[in-house]
Amino acid sequence: MTQQTSRLSGLANQRTALRTTAVTRLRPTPSLPDSPIPLAGIGDKVKVVVEYVLTAGLMVLALPLMLASIVLVRLTSGGPAIYTQTRVGRCGRVFTFYKIRTMYHNCERQTGPRWSPPGDPRITPVGRIFRKLHLDELPQLWNVLRGDMSLIGPRPERPEIVAKLRLSVPGYDRRHAVKPGITGFAQIHLPPDTCVRSVKNKVVYDLFYIRHRTLRMELYILFATGLKLLGLKSLYQRKPRVPTE
């Protein structure tokens with residue numbers, strides 16, 4: 001992975017060449033290829049089948065944790081336990097995204113959609129624990145089974161935020177050439193988005209993944225995700241590169 005990571009900076013200056021078109025579009029744009037960029041050495045259809053079987057197994061294993069988390073949310077704060085949002089997926093298609101609720105109900109009523117900064121007061125005490133353990137992400141396995149997402153891919157963003165980012169982040173729409181993922185090359189190396197600069201950093205990693213993804217790389221990402229969940233990120237993480245303006 002050292003050789004791969006060393007090539008990341010070269011992607012930062014590339015201009016946007018692809019735009020999204022979809023069942024639901026944020027604004028008129030030229031179309032992306034309707035088929036995903038293939039994996040080297042493995043057919044995309046085989047990848048989908050293997051991913052479906054793996055996700056179904058993970059769903060069964062995670063079901064007790066999800067049920068326990070749902071009960072805790074309902075006992076400690078008002079509102080639904082499962083939180084739904086609209087997110088932008090492959091080719092700009094908008095889909096329903098599922099999470100276990102970690103914030104107070106209707107907390108964005110006054111502010112509208114925005115990123116969660118460190119120490120966000122909108123997050124409940126139980127929600128902070130869920131976020132630290134990534135338990136709130138478990139319902140996204142259902143998104144994978146539905147075909148909205150993959151286990152590995154760029155992190156899906158909300159349409160309201162995407163509309164602004166595509167104007168200020170060169171190449172942002174290129175990340176929609178593949179399905180978004182629960183985990184990904186950018187997610188294992190960089191923290192959650194908090195500003196445009198952090199998004200620019202992540203886009204570099206996302207585009208590198210899209211252009212160079214292989215079965216070996218996807219296995220590496222899954223392995224690194226496991227290390228991250230165990231608090232062993234230092235075993236694989238390298239200092240992130242900062243893209244040029």
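Colleague: Which residue does E108 form a salt bridge with?
Modeller: With R158, and the closest N and O atoms are 2.8 Å apart. A salt bridge here is a side-chain nitrogen of Lys or Arg within 4 Å of a carboxyl oxygen of Asp or Glu. Keep in mind that this is a predicted model, where local features need pLDDT of at least 70, side-chain atom pairs count only at pLDDT 80 or more, and totals for chains, interfaces and linings use all residues. Residues are numbered from 1 along each chain as its sequence is written, and side-chain values use heavy atoms, with hydrogens and water left out.

Colleague: Where do E108 and R158 sit in the chain?
Modeller: E108 is in the loop between strand 2 and helix 3, while R158 is in the loop between strand 3 (150–152) and helix 5 (159–168), so the pair links distant parts of the chain, 50 residues apart. Helices (H or I, at least four residues) and strands (E, at least two) are DSSP runs, numbered from the N terminus.

Colleague: Is E108 buried or exposed? And R158?
Modeller: E108 counts as buried at 15% relative accessibility, and R158 is buried too, with a relative accessible area of 11%. Buried means under 20% relative accessible area, exposed over 50% and partly exposed in between, using a 1.4 Å probe and protein chains only.

Colleague: How many salt bridges does the count come to?
Modeller: The count comes to 11.

Colleague: What does the side chain of D136 meet in a salt bridge?
Modeller: That of K99, at 3.1 Å from N to O. D136 lies in the loop between helix 3 (125–133) and helix 4 (140–146) and K99 in strand 2 (residues 94–100), so the pair ties together parts 37 residues apart in sequence. The side chains of E137 and K99 also meet in a salt bridge, at 4.0 Å from N to O.

Colleague: Which residues are linked in a network of salt bridges?
Modeller: K99, D136, E137 and R155.

Colleague: Switching topic, how many cavities of 30 Å³ or more does the structure hold?
Modeller: It holds 1. A cavity is a set of points on a 1 Å grid over the protein atoms alone where a 1.4 Å probe fits but cannot get out, and lining residues have an atom within 4 Å of a point.

Colleague: What volume does the largest cavity have, and which residues line it?
Modeller: The volume is about 40 Å³, meaning the space filled by probe spheres set on the points, with grid points joined across faces, edges and corners. The lining includes V88, R155 and H176.

Conventions
On a 1 Å grid over the protein atoms alone, a cavity is a set of points where a 1.4 Å probe fits but cannot get out, and a pocket is an open set with protein on both sides within 12 Å along at least five of seven lines; lining residues have an atom within 4 Å of a point.
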